[in-house]
Amino acid sequence: MAARPVVSVFGLNGSKLEATIALPSVFTAPIRPDLVQFVHKNMAKNRRQPYAAKQQAGEETSAESWGTGRAVARIPRVSGSGTHRAGQAAFGNMTRGGRMFAPNKVWRKWHVRTNSNQKRYATASAVAATGVPALVSGRGHRIAEIEEVPLVVSAEVESLSKTKEAIALLKAVKAFDDVAKVSSSRSIRAGRGKMRNRRHRQRRGPLVVYAQDSGITHAFRNLPGVELVNVTRLNLLQLAPGGHLGRFVIWTQPAFEALNAVFGSQTEASEQKKGYTLPIPVISNPDVTRLIASNEIQAVVRPAGAPFTKRPFVQKKNPLRNSQVLVRLNPYAQVLRRAEILGQNKRTTKKSHKKSASKKFLDILKAD
């Protein structure tokens with residue numbers, strides 16, 4: 001969660017204005033990736049278009065089983081004769097030209113209902129994640145040169161109506177790199193989708209949140225990857241595309257100030273959502289490493305023990321394979337082993353040298 005007390009406001013030229021805004025309470029909401037992914041998966045199903053196989057597909061032929069006794073399978077077969085098709089199996093899902101197994105129906109349950117409180121919790125978590133630079137950068141957005149996150153621009157931005165004015169604003173606040181990233185990532189889709197009005201795919205750029213449309217939608221609508229949404233219509237599919245937290249959001253000053261009225265706080269109810277208050281975090285500081293290293297916890301914990309502890313039992317070792325254990329059980333085994341080694345050495349050193357004939361014998365042999 002973001003922990004900054006105030007947020008700066010940037011003008012059309014990219015300079016900081018004197019006015020600052022207190023950080024809305026929604027940025028202190030717990031960040032729940034598990035809940036965001038669950039709600040996103042359910043909400044993404046609600047835009048599906050029903051599809052089904054033709055009801056008569058695979059069964060538009062006159063086929064009837066031959067029954068038993070003809071040494072062939074009992075699958076229905078096409079009637080008639082004189083053609084290759086006659087006698088071929090039909091209808092079954094294992095046959096050529098037959099229907100599929102369990103054909104898709106248009107009355108399948110395509111849409112999934114999600115609890116309102118879960119959707120609100122997930123939206124609040126996604127808004128809180130937009131204020132964490134690590135999550136925004138980790139999602140792939142180019143925010144290295146941006147001065148502050150969340151990025152708030154003045155109310156004059158809502159009256160822009162020209163695309164060149166929107167580009168000048170993005171360059172002034174050093175957010176145009178994220179738009180250029182989208183342009184360079186545009187590529188042709190792999191697969192059949194390119195024939196079904198989904199020819200190109202590209203990355204997501206910044207999300208511009210406004211309070212009143214005085215021309216801002218006309219200014220930003222032609223920029224690749226840039227999306228716009230009213231602050232009262234924040235959508236999880238835009239705040240966390242793909243269920244991944246950390247969308248780069250550019251807020252206008254009126255929209256940023258309206259967040260407390262839209263979501264409320266942990267103690268005050270929302271003005272837009274009747275009786276809704278923000279969820280309270282289970283722990284105020286989620287940094288577990290910092291908590292464990294704090295002086296308060298270290299003062300009451302036991303000192304760290306030895307890195308290696310002695311086994312509470314004696315490990316069983318085989319005396320036939322471990323010589324030390326064998327000597328401990330039978331001290332005389334060492335003497336026997338030494339005698340065995342000495343005996344082997346004697347046998348190897350013992351040599352059978354053939355004595356050469358003596359000189360006297362050779363003289364007698366050569367004598368006449």
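## Helix 2 and its cover

Helix 1 (33–44), helix 3 (133–138), helix 7 (236–239), strand 10 (249–252) and helix 9 are among the parts that cover the buried residues of helix 2. Here "buried" means under 20% relative accessible area, "exposed" over 50%, and "partly exposed" in between, using a 1.4 Å probe and protein chains only. Helices (H or I, at least four residues) and strands (E, at least two) are DSSP runs, numbered from the N terminus.

This is a predicted model, where local features need pLDDT of at least 70, side-chain atom pairs count only at pLDDT 80 or more, and totals for chains, interfaces and linings use all residues. Residues are numbered from 1 along each chain as its sequence is written, and side-chain values use heavy atoms, with hydrogens and water left out.

Helix 2 itself runs over residues 116–129. Its 14 residues reach 20 Å from first C-alpha to last, close to the 20 Å expected at 1.5 Å a residue (that is, 1.5 Å times one less than the number of residues). The buried ones are Y121, A122, T123, A124, S125, A126, V127, A128 and A129.

T95 sits in the loop between strand 4 (77–78) and helix 2, and counts as buried because its relative accessibility is 14%. Setting aside neighbours within four places in sequence, T95 touches I75, A89 and A90 (contact means heavy atoms within 4.5 Å). A polar atom of the T95 side chain also lies 2.6 Å from the backbone oxygen of G92.

## Salt bridges

There are eight salt bridges in the structure, each a side-chain nitrogen of Lys or Arg within 4 Å of a carboxyl oxygen of Asp or Glu. One of them pairs E59 with R99, with the closest N and O atoms 3.0 Å apart. That pair links distant parts of the chain, 40 residues apart: E59 is in the loop between helix 1 and strand 3 (63–64), R99 in the loop between strand 4 and helix 2.

E227 has two partners to look at. Its closest N–O distance to R204 is 3.2 Å; E227 lies in strand 9 (residues 227–230) and R204 in the loop between strand 7 (200–201) and strand 8 (207–210), so this bridge ties together parts 23 residues apart in sequence. With R247, the closest N and O atoms of the E227 bridge are 3.4 Å apart. Shared partners join R204, E227 and R247 into one network. Within it, E227 is buried at 19% relative accessibility, R247 is buried at 0%, and R204 is partly exposed at 32%.

Definitions and conventions:
Polar contact = N/O pair within 3.5 Å; in protein donor to acceptor, adjacent residues only side chain to side chain.
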